[in-house]
Amino acid sequence: MARRATRAVAARLATSRLDGLGLRHAPGWRVLPLIVAGMAFLAALALAGAQGAAELGRHWQQGAGATLTVQIPRPAAAPTPPVAQGETRRDRVLTLLRGTPGISGVRPLAEAELSDLLRPWLGTHAEQLALPLPAVVAVTITTDGPDLPALAARLEAAAPGTLTESHGPWVRRLGLLARSLRLCALAALGLVAAVAAGIIVVATRAALASRREVVEILHGLGATDFYVADRFARRASRAAGLGGMVGLALAVPVVAVLAALAAPFVSTLPIEAALPSPAELAASLARLPPTLLWSLPAVPVSAAMIGYVAAQLAVRAWLRRLP
Amino acid sequence: MIRAEGVGLRYGESGAEAEAPEVLQSLSFSVPGGGWRWLLGPSGAGKSSLLRLLHVQARPTRGRLQLMGVDVGEARRKDLPPLRRRIGMVFQDFRLVSHLTVFDNVALPLRLAGRAEGQLRADVTEMLRWVGLTKVAEMRPTLLSGGEQQRVAIARAVIVRPLLLLADEPTGNLDDVQAERLMVLLQEMNRLGTTVIVATHNMQLVDRHPGPALELARGRLVHDG
């Protein structure tokens, strides 16, 4: 007896309070989670793309964009001005660089490092070729940086033939590319959200058309626009939120693979020829930018919110036909 | 309670109304609180349209209609739902919500009024007892007879103790016994102070329950009293 009463109450709650319009069986809602799942998948990728482009741009800006390369040819390859006792051309350049405002780091590259840099072009025996390799100095500059033309002139005077190579122009170009990619990704995100809202509006209208009679009965009984719209909006929000979670679940492995592949470009991790293992994929998720880690769970939440707002607006617009 | 002054009604989309014919023309009448009116006239006379106006399902396109002190033509849209909750309506085709149980159909107006779940059970049960439907409370309305469905509709209409009760051909789908039982319920509501307006073309029913009437013909009021 008690069990039957409990079942009756539960059935009543399920059919009336939670779904007073019979929306559970209305057309439109069933496919909505599937469509929103696809949209959420694309949104998560767009979000990851936007964050990835921002990270790449920032990394390039802080890395190559903040460095200079100074090459000091060997005396045989350049005219040799008189030097002080025991002082080499490289020493003069290093002294000059270290005393220049706007330079935060000066690091001469060792012979072995030079050989490593040349190995891709000259092979493993690059050091045995007896090539007159220049001395190379990696210079880190501050945000303001030195006056580069003036610095180049002073270096040329100190050690004729010295070349100063700034990475700024191509890094600026890459930065512009990264920002453009980020904007494109954000635009795609906005487009996905707009399409999702449109689909939710269409599904809501389909549900509304199938429940028109009940809506008119409720309206006649004194239901407010909010009451009716809220029933539809909750159902749409639930369907969209569910779709958002499914879409996010599908997107996370893809984001993990992309993050693992992009890791060497935004960190000091070595580039491996082999594809990342499952363990490395899991580790790459932990290394995702905090902004992305926070924003990915926002995808289903946003889907649910878009579902609620879009359905509310659609139903309220329809209810305006009634007095 | 009801005060109509030169009320006219046209149907149609906004803007196209001016070209549509007036289904109600220059209606002027008043009904005091606790009054009873038959609403008479042949099919197409405008009875249902007048009930739509009185149920605030349409606004007059001209003239002035006051219900319980509210000017229906001038009132803000958000002020109309509370007004509708003070009006009960019984339709010839019942208009019950088929996926809800009898209990939930009757409880619907209370839920719309914001009554807590724990506080509505006693009122709904009492109302179902009053109309003799306690045993079918958990059934869907589609499983009930026409008379039982009409009683559910009555219970739903009066559960909020409306100040105005409207009925559109309420006995149209009922046999004589059920119709008489319905009339008793409506008259009991009227005795309790509710203003009742019953539209019908069943003159035998009117003869058995004589009372003041509003008679319409081609959208005009041809008799009041």
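Predicted model: local features only at pLDDT ≥ 70, side-chain atom pairs only at ≥ 80, totals over all residues.
Residues are numbered from 1 along each chain as its sequence is written, chains are lettered from A and ligands numbered from 1 in the order in which they are written, and side-chain values use heavy atoms, with hydrogens and water left out.

**View 1. Where chain A touches chain B.** Let us start at the interface, where 24 residues of chain A are in contact with 26 residues of chain B (contact means heavy atoms within 4.5 Å). About 2100 Å² is buried between chain A and chain B, with carbon and sulfur atoms giving 57% of that area. Buried area here is the accessible area (1.4 Å probe) that two parts lose on being put together, summed over both. Between chain A and chain B there are six residue pairs in polar contact, both residues being at pLDDT 80 or more. A polar contact is a pair of N or O atoms within 3.5 Å; within protein, one must be able to donate a hydrogen and the other to accept it, and residues adjacent in sequence count only if both atoms are side-chain atoms. On the side of chain A that touches chain B, α1 (2-17), α7 (212-220) and α8 (225-266) each supply at least two residues. Helices (H or I, at least four residues) and strands (E, at least two) are DSSP runs, numbered from the N terminus. The residues on this side of chain A divide into eleven nonpolar, eight polar and five charged. In this grouping Ala, Val, Leu, Ile, Met, Phe, Trp, Tyr, Cys and Pro count as nonpolar, Asp, Glu, Lys and Arg as charged, and the others, Gly among them, as polar.

**View 2. A salt bridge across the interface.** The count between chain A and chain B is one salt bridge, and here it is: Asp225(A) pairs with Arg77(B), their closest N and O atoms being 2.2 Å apart. A salt bridge is a side-chain nitrogen of Lys or Arg within 4 Å of a carboxyl oxygen of Asp or Glu. Side chains of opposite charge can pair when their charged atoms come close. Over all chains, a search of the whole structure finds 15 salt bridges.

View 3. Asp104(B) meets Arg111(B) in a salt bridge of 2.8 Å, N to O. (Buried means under 20% relative accessible area, exposed over 50%, partly exposed in between, with a 1.4 Å probe and protein chains only.) Glu126(B) forms a salt bridge with Arg129(B), with 2.7 Å between the closest N and O atoms. Both residues lie in helix α4 (residues 117-130) of chain B, three residues apart, about one turn of the helix. Glu126(B) is partly exposed at 39%, while Arg129(B) counts as exposed at 51%.

**View 4. Asp230(A) and its partners.** Asp230(A) is found in helix α8 of chain A and is buried, with a relative accessible area of 4%. A network of salt bridges links Asp230(A), Arg231(A) and Arg234(A). The side chain of Asp230(A) also makes a polar contact with the side chain of Tyr308(A), at 2.4 Å. Leaving aside neighbours within four places in sequence, Asp230(A) is in contact with Tyr308(A) and Gln312(A).

**View 5. Helix α11 of chain A.** The 22 residues of α11 (residues 298-319) should span 32 Å at 1.5 Å a residue, and the end C-alpha atoms are 31 Å apart, which agrees. The expected span is 1.5 Å times one less than the number of residues. Among the buried residues of α11(A) are Gly307(A), Gln312(A) and Trp318(A).

View 6. Ser26(B), in strand β2 (residues 22-31), has a phi near 45°, a positive value in a residue other than glycine. Ser26(B) is partly exposed, with a relative accessible area of 35%. Glu169(B) also has a positive phi of about 45° although it is not a glycine. Its place is in the loop between β7 (164-168) and α6 (176-191) of chain B, and at 9% relative accessibility Glu169(B) counts as buried.
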